[in-house]
Amino acid sequence: MSRLVVGPFNRVEGDLEIKLDVADGAVTAAYVNSPLYRGFEQILPGKAPADALVYAPRICGICSVSQSLAAANALALAQGLTPPENGAHLQNLILAAETVADHLTHFYMFFMPDFAQGVYAGEPWHEQAARFRAMGGPAQREFIPARAAFLHIMGLVAGHWPHTLSLQPGGAARAIGRPEQARLSGIVTGLRRFLEGTLFGDSLESVAALSNAGALAAWAGTEAPRQSDSGRFLAFSEALGLEALGHGPDLFLSYGAYAQSGVPAFARGVYRAGTVSALDASAIAEDHASSWLIRAGGPREPSRGLTVPDADAPDAYSWCKAPRLGGAVAETGALARQLVDGHPLVRDLAASGRANARSRVIARLIEVARLVPLMERWIWEMRPGEPFCLHAAMPDEARAEGLVEAARGSLGHWLEIRKGRIFNYQIVAPTTWNFSPRDGAGQPGACEQALVGAAVRKGETSPIAVQHIVRSFDPCMVCTVH
Amino acid sequence: MPLDMPVRETQTLLWLQSGGCGGCTMSLLGAEAPDLFSALDLARIGVLSHPSLSAPGGAGLGDLLCRIQAREQPLDILCVEGAVLRGPRGSGRFHIMAGSETPMARIVAEMARAARHVIAIGSCAAYGGITAARDNVTEACGLAFEGREPGGLLGAGFRSRSGLPVINIAGCPVHPAWVTETLDLLSLGQLGVQDLDESGRPRFFTEHLVHHGCPRNEYYEYKAAAHEPGQLGCLMENLGCIGTQAHGDCNIRPWNGEGSCIRGGYPCIGCTEPGFGERDYPYLETPKRGGIPLGLPADMPKAWFVALAALAKAATPERLRRNAQAETISRAPGAGSGKQKK
């Protein structure tokens, strides 16, 4: 057996190091380390509660809106506020814009460039993959102007991205009228053209309607989709057998997303082996057993969570805690969201091939095809002249949580206010779930499990299979530890 | 004096991410006219490595850093994003570079000594920023500042090989064009020490106040204030806006097409200023003494501000008084009554 230390990983958000035990050309154990600690949970106590709206988005430059919204939701619960319909629509629209932009950024900037790496120079499809070259290949040069134009949504209704302050507990701070609705509509249409012309080679509705693995295969064989960027992804991943890589814990978590009048557009729940069950958020606890943190006497619920660094903690190998759901390891993200919500294609892929590197990417593409038409609808469901933001006093004492779905999965903020100030603030981010270290029971985290069995080719120091698996989760390491 | 057709030298660039959120890179990726890759082409910049954008990582990056340190690989521009974490107790262990067992603080310092120009990307890298907030448990600092005080990781006297101090492109996040313009001015040889302000920031964006071009200027003139987030009035009197003191061309140079904080419905929180990240009153409230905001507009004597504000309040048109506390315009401007000259 030998030991490999892989890192830094480029094209993931933030810092990541993974130690691999390797035997007979395959990974036998993986240890995921988040090597950066910034201490937001130590910064927030003592601040005015509403100051969380300034600090929380700055946890993460790529999931900034979801961090804002989790903070706003926690404050809203503390204040007894429910955003009016317009405010909820605008919050949903801003979050969806971030999620769509992030999914596409993952596809074009982070994931696809791996197929253009030199290790695949001998493959018959490698010439096609050159389109996806990192640092300014043709696909990236087409994508980034489309992304930038799409993010004009943020300029219009959120000031800028990242790090907006427009998401408020009572709604959104930028009321809009018909002219802004028309402009938003035009911006989203611009992205629709890019998606249908370049990414899918088909209408978003046709992509969202794909209902099983057979339908996907047939679709990928037709002319325009085959020539599209998602068609190319399907071809490369079939040639490489990506569906055999990266099986996770097969327990999936979603807090539910894009609620209007209390009903989420993507359902909340827990999915395992074809069955959705209700999520009991009180079953979430964070374990410190492998973390460079003061040990808190066993796993703690985030509402009474403790985050105090201890660089000399025994048996530790990451700044990341290990969140568990009723003691079990769960995976979160677009795949989990679409499984819980019951998208038929994503369900079919999971039934036949478990969670894997390919199905995680497909779930993101399906989510993009579903979200953009929803955004188009929400824009016109807003009613000019009716309120966008409600207000209420901040209580001196409160406990509240804000649970949202970020692009990368389930994000929770747990807030306690005492004497009018933040007393405790704990954050459990999506990649905290996916890239957690081992817990006190010795259970490896989701990515640690997914890496076992990955092939290590002769002479590889950063095995390409490991890179595909890691990037299939779209990890956000700055959120992970924060 | 007119310039000749500009000549640009090719330049190499290394980008390191230290203790930050990565948001400045995400903002930069939104650059428009030119987009990021076109901007790099224009400035003839070859990127040696960027954590979010480059193909290889791992051992390849370690080799690159060794060759730069040994001066085998020339480095023209070092960009550092995020604060430098020196803790716990000066060990740098809050941020060990993956795969290296070396504190990022040490790597940043070594690369800074090798680089012709050093750029701090964002307020964290410049001054410590949000990462240094409250008790600064991570011992975070900027490259050449610690909050408002010169010093930081490299020391107040630091000059890069070009003779320039660290160029502080402050902001949380940076505006993409602040970065692309700085890079292009460097490639043209047109950014000298006289082009930086006393906090090391390029003057081209800090010789403005955020107040300049504020879409709420009429509410400001007549002191017609918003009372809650989401209302149209001036945000200075009640909601903590410090746009009249903070440096930046945010309302002249739009963000993401047509945005700015104030256009998004919320106050300027002074994210380009040294010391941003910590303040002794809540961000969304204006501290006052005797009803007068403690933070007065830049260069404004207090007595004059009080006198003008009292006069302006007395003269506030009913239209502005109403609209200031509404989410959308309830009364449109009427016809002016001033007489035209014959």
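## Parallel sheet of chain B

In this predicted model, chain B holds an open sheet of 5 strands in the order 2-1-3-7-11, with parallel pairing. Strands (E, at least two residues) and helices (H or I, at least four) are DSSP runs numbered from the N terminus, and two strands pair if DSSP finds at least two bridges between them. The edges are strand 2 (45-49) and strand 11 (167-169) of chain B, each of which pairs on one side only. On average, neighbouring strands of this sheet are turned by 25 degrees against each other, direction ignored; axes are lines fitted to C-alpha atoms, for helices over the stretch in contact, and angles run from 0 to 180 degrees between N-to-C directions.

Strand 1 (residues 11-17) and strand 3 (residues 77-81) of chain B are joined in the parallel sense over 5 bridges. Leu13(B) has Ile77(B) in strand 3 as its bridge partner. Helix 6 (residues 176-187) of chain B packs on the sheet and touches strand 1, strand 2, strand 3, strand 7 (117-121) and strand 11 of chain B; contact requires C-beta atoms, placed from the backbone, within 7 Å.

A cis peptide bond with omega of about -5 degrees links Gly7(A) to Pro8(A). Arg11(A) is buried (20 or more other C-beta atoms within 10 Å), having 23.

## Conventions

Residues are numbered from 1 along each chain as its sequence is written, and chains are lettered from A and ligands numbered from 1 in the order written. Local features need pLDDT of at least 70 and side-chain atom pairs count only at pLDDT 80 or more, whereas totals for chains, interfaces and linings use all residues.

Conventions:
Contact = placed C-beta atoms within 7 Å. Buried ≥ 20, exposed ≤ 12 C-beta atoms within 10 Å, placed from the backbone.
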